[in-house]
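These are my notebook entries on a structure that I looked up element by element. I list the conventions where I first need them.

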Amino acid sequence: MNGWSALDRFLRTDPRDVGCAQALDMLHVYVDLVATGAQAEAEQRYPGIAAHLRACGPCGQDFEGLLAAVCGETD
Amino acid sequence: MSAARLDPESAEWVQALTGNGLRRDAAVTRLHELLVRIARGEVRRRGPRLQITGPELEDLAYQAAADALLAVTSKIGKFRGESRFTTWACKFVIFEVSAKTGRHFWRNPSVPMDAENWDRLPDRFGFDPALEAEWRDLLAALHRAVDEELTPRQRAIFVAIVLNDVPLDTLVIEPSSNRNAIYKMLFDARRKLRAALAANGYIDPDKSRRS
């Protein structure tokens, strides 16, 4: 990835992005779906949350942390 | 919601934690142990970036687990069974770790929060120094757009997060702020900046990547 694409990716916004409040409110539901191997279904059922988790660093961190927790990776 | 709609393990958690006596005490102890284990794993996972080690890391994990335990037991009536109980409960401890690590950065900033490290931008986005002649104008245009298109608050948030690498959660420390509000402010700033760069021909509005 070069600087142009990295900058473009950072500046690009997704109108489906639901924001932090809605994404975090449903994060446990989304993570349970992903943890059972249904990532595509999770993204299809909750496109606004998927868009948000891709763009928001802190919420993305929370998603990865919760997923690691429920998958037993943080033992 | 009725425990009858929950999976058996979640129903057992809810029944035990909303009950009385020894069964509830045992469930609270078990939940605390789970939350401590998750918190320790999460602070370790985030630790390298935050440079937290040793006793401070342990303290942060135990505080996060204690606060999460309080949140879970006080909000258990709001658990709707949309996920496993443990996933719902672990969410609280992840959020506590998030909030506490944000405050840690605020107490130990690596750069002044209001500094403007424009020289950091090429490295931040991976621009090749050998090709500076190609991207110098783009970054100058971005700098102009930041100065001319953003509100003072949007500009301050862009500077803190993008130029100074301040974690978004650290900015939430400020009074009457929250993660959602800061994110929305940055979201609007990103949209404005991209529109300005596209209007001046620096970025193709219909193309996601430029080779």
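Entry 1: Helices here are DSSP runs of H or I with at least four residues, strands are runs of E with at least two, and both are numbered from the N terminus. I noted that the model is predicted, that local features need pLDDT of at least 70 and side-chain atom pairs pLDDT 80 or more, while totals for chains, interfaces and linings use all residues. Residues are numbered from 1 along each chain as its sequence is written, and chains are lettered from A and ligands numbered from 1 in the order in which they are written.

**Entry 2: α9(B) itself.** I then listed buried residues in α9(B), among them Arg179(B), Ile182(B), Tyr183(B), Leu186(B), Lys192(B) and Leu197(B). A residue is buried if 20 or more other C-beta atoms, placed from the backbone, lie within 10 Å of its own, exposed if 12 or fewer, and partly exposed in between. The buried residues of α9(B) pack against α1, α2 and α6 of chain A, and against α6 (132-149), α7 (152-163) and α8 (168-171) of chain B.

**Entry 3: chain A.** I recorded 6 helices and 0 strands in chain A. Its C-alpha atoms fill a box of roughly 40 × 25 × 20 Å along the principal axes. Of its 75 residues, 49% count as buried. Among contacts in chain A between residues at least 6 apart in sequence, 69% join residues at least 24 apart; a contact requires C-beta atoms, placed from the backbone, within 7 Å.

**Entry 4: the interface.** I found 33 residues of chain A in contact with 38 residues of chain B. On the chain A side, α6(A) gives the most, with 9 residues. By class, this side has 17 nonpolar, 10 polar and 6 charged residues. Ala, Val, Leu, Ile, Met, Phe, Trp, Tyr, Cys and Pro count as nonpolar, Asp, Glu, Lys and Arg as charged, and the others, Gly among them, as polar.

**Entry 5: α6(A) on α2(B).** I noted that these helices pack at about 135°, with axes 10 Å apart. Axes are lines fitted to C-alpha atoms, for helices over the stretch in contact, and angles run from 0 to 180 degrees between N-to-C directions. The two helices are therefore oblique to each other; under 35 degrees is roughly parallel, over 145 roughly antiparallel, 65 to 115 roughly perpendicular and the rest oblique. Gly65(A), Ala68(A) and Ala69(A) meet Ile38(B), Gly41(B), Glu42(B) and Arg45(B).

**Entry 6: α1(B) on α2(B).** I found that the axes of α1(B), residues 8-17, and α2(B), residues 21-50, come within 8 Å and cross at roughly 120°. That makes α1(B) oblique to α2(B). Their contact has 6 nonpolar, no polar and 2 charged residues.

**Entry 7: Ala27(B).** I looked up this residue in α2(B). With 19 C-beta neighbours inside 10 Å, Ala27(B) counts as partly exposed. Leaving aside neighbours within four places in sequence, Ala27(B) is in contact with Trp13(B), Ala16(B) and Leu17(B).

Conventions
Two residues are in contact if their C-beta atoms, placed from the backbone, lie within 7 Å.
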